[in-house]
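Hi,

Have a look when you get a moment.

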Amino acid sequence: MPRTHRTWRGGDRPPRQPSAAPVRNFLLDFLGATDSVTGSRYLLTADGRRMLVDCGLFQGYKPLRLRNWSPFPVPAKSIRAVVLTHAHLDHSGYLPLLARNGFRGPVFCTEATAALTRILLADSAHLLEEEAKYANKKGSTRHNPALPLYTADDATAAMRQLVPVPLHAPFEPLPGVQALLRGAGHILGATSVTIEHAGTRIGFSGDLGRGDDVVMHPPEAPGAADILVVESTYGDRRHDVTDGAAELGAVVARVAARGGVVVIPAFAVGRAQVLLHLLNLLKADGRIPADLPVYLNSPMADEATLLYSLFPGAHRLDAAATAALRDSATVVTTAEESRALNRRHGPMVIISASGMATGGRVVHHLVAFAPDPRNAIVLAGFQAGGTRGAALAAGQRTLRIFGQDVPVGAEVVQLGGSSAHADADGLLAWLRSAPAVPRQVFVTHGEPAAADALRVRIKRELGWPVDVPDWLQRVDLHALAGRSG
C-alpha cells in the first residue's frame with residue numbers, strides 16, 4: 001500500500017501551489033485536531049477545488065490557541081464549501097474568521113446543527129468581545145488594545161452561509177464531489193460524513209456519541225469508505241460503568257446537606273441538558289431534595305434547550321421529559337442576575353458554561369465559590385489539556401483567573417459516566433460496524449496518548465492499516481485507495 005506523503009511539517013506556510021491544478025486529484029490536509037481534541041479542520045482538494053470538513057477553534061494550551069490567530073494555511077477565498085459535522089466550537093468556531101477573510105461558500109450541515117451553530121457563534125463572539133473589553137478595563141493584557149478574535153458582526157455574516165441538508169440525502173459540496181451525512185449521536189444534529197470523488201470515498205466520524213447516552217440516540221454505522229478518519233477523545237480509556245444519575249446525586253446530596261453550592265461547568269449544548277434531565281430524575285426519586293434550587297446560568301444553554309422540543313426525533317426524550325428540561329431550573333439571563341448568584345448562599349446548584357472553565361460566567365462563579373470547602377465543583381465532560389477544568393481534574397489547588405491566583409478549597413468531583421463521547425470500546429465498535437474494511441484509517445481529535453492508544457488497538461484488534469497524522473500533513477486519497485485518479 002502506498003505510504004502517506006508528508007509535505008507540510010512544522011511551519012505556518014503552505015506548500016507552493018502549482019501554476020496549473022493537477023487533473024483528478026483528491027488530497028487531504030490535516031489542518032487541525034491532530035495533536036489535540038480541538039481545532040477540527042480537514043482540507044479536501046478535488047481537481048484543484050477546495051473544501052473543508054469542519055472549521056473549528058483550537059482550545060487548551062496557549063500554543064494551540066495561538067493557531068487561531070495565525071494566517072490560515074490557504075487563502076480563505078479559495079475555499080468553495082464547508083461541511084460541518086456538528087455545532088461545537090472546536091468544529092464550527094472558526095467560521096466567522098474564515099468568512100471575514102474571504103470565504104463566501106455554503107456551509108452544509110443538518111438543520112439542528114445550523115440552529116445550534118447560530119446560537120454558539122453568537123455567544124462565542126459576544127464572549128470574545130466581552131473578554132477583550134474586560135482585559136482592557138483591568139489592564140490584564142500585554143496587547144494595547146486587546147482585540148477579539150472576531151466580532152458579533154463576523155458571526156452574523158457566517159450564519160448567513162449555513163445551508164441545512166437532511167440526513168441520508170446525497171448532496172454535492174463541490175462539482176463532481178458527493179457527500180452524505182449520517183447520525184453520530186453526541187449532540188443534536190451531530191453527524192458523520194462520507195465524501196466521494198472519482199470513485200474514492202473518505203469517511204469522517206465527527207464526534208461519536210455513546211450507545212447508552214440517556215438523551216441522544218446511538219451513532220449510526222459508517223458508510224463504506226476507502227479511508228476512515230476517526231476521533232479518539234477517549235481512545236485510551238473506558239467509561240465508568242457507574243450510574244450517572246447516582247454519581248451526580250451522591251455529590252449533590254452531600255453538598256446540599258452541608259449547605260454548600262455545587263458549581264458545574266457544563267457545555268451549553270449537550271451536557272447542560274443531560275444534567276438538567278438527571279437532576280429531574282434525582283428529585284423525582286427523592287435522592288436529592290425536591291426543593292433544591294437549580295440555576296441554569298447560561299442564556300445559550302437555555303436557547304439550546306428550546307431546540308430539543310423543535311427536533312423531537314433527534315433525541316430519546318419524550319414530550320414530558322423535554323418540557324421538564326426548562327421547567328426544572330431558574331434561568332439566569334442578565335449579567336446582574338449572574339453576579340447576584342455569587343452573593344447567595346447554599347444549598348443550590350449552578351450549571352454554567354463553559355464546560356472546561358475556559359471562559360464565560362462559570363469563571364466568575366469559581367472565583368466566588370472555589371475557596372469554600374463546603375462547596376463542590378463538578379466536572380461533567382472531557383477536560384482538554386491546558387484548560388482550568390483539566391487543572392482541577394489533576395488536583396491543582398489554585399486557579400489563575402483574571403490575573404489572580406484563586407485558591408481551591410472546594411471538593412472537586414469528575415463524573416466518570418457523563419461524557420457525550422464514545423469511549424475506546426465504543427470507537428472500536430463503530431469501526432467494526434463498517435460495511436467494508438478500509439484501506440487506511442487515520443486517528444485524530446485526541447490528546448497524543450489517547451490517539452496512539454486507539455491506533456494500537458485498531459492495529460492489533462482489527463488488523464487495519466492505521467496512522468496518527470501530523471499537523472499539516474497531506475495525503476493523496478486516490479493513491480491510498482489504489483486509484484491513479
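Strand β13, residues 294-297, runs parallel to β14, and 2 bridges hold the pair together. Keep in mind that this is a predicted model. If you want a spot to look at, Tyr295 has Thr330 of β14 as its bridge partner. Tyr295 also stands opposite Ile350 in β15, where β13 and β15 pair in the parallel sense over 4 bridges.

On to β15 itself. Strand β12 (residues 261-265) is joined to β15 by 5 bridges, again running parallel. Within that pairing, Val262 sits opposite Val349.

Is β15 buried or exposed? With 5 of the 5 residues in 348-352 buried, the strand is largely enclosed by the rest of the structure. Cover comes on both faces: Met348, Ile350 and Ser352 are buried on one side, while Val349 and Ile351 are buried on the other. For the cut-off, buried here means under 20% relative accessible area.

Now the whole sheet. It is open and has 6 strands with parallel pairing, in the order β14-β13-β15-β12-β16-β19. As a reminder, strands of a sheet pair through backbone hydrogen bonds, either parallel or antiparallel.

If you open the model, Tyr295 is a handy place to start, with Thr330 in β14 as its bridge partner and Ile350 opposite it in β15.

Cheers

Technical notes. Residues numbered from 1 in each chain as written. Predicted model: local features only at pLDDT ≥ 70, side-chain atom pairs only at ≥ 80, totals over all residues. Heavy atoms only, no water. Pairing = 2+ DSSP bridges. Buried < 20%, exposed > 50% of the residue type's maximum accessible area, 1.4 Å probe, protein only.
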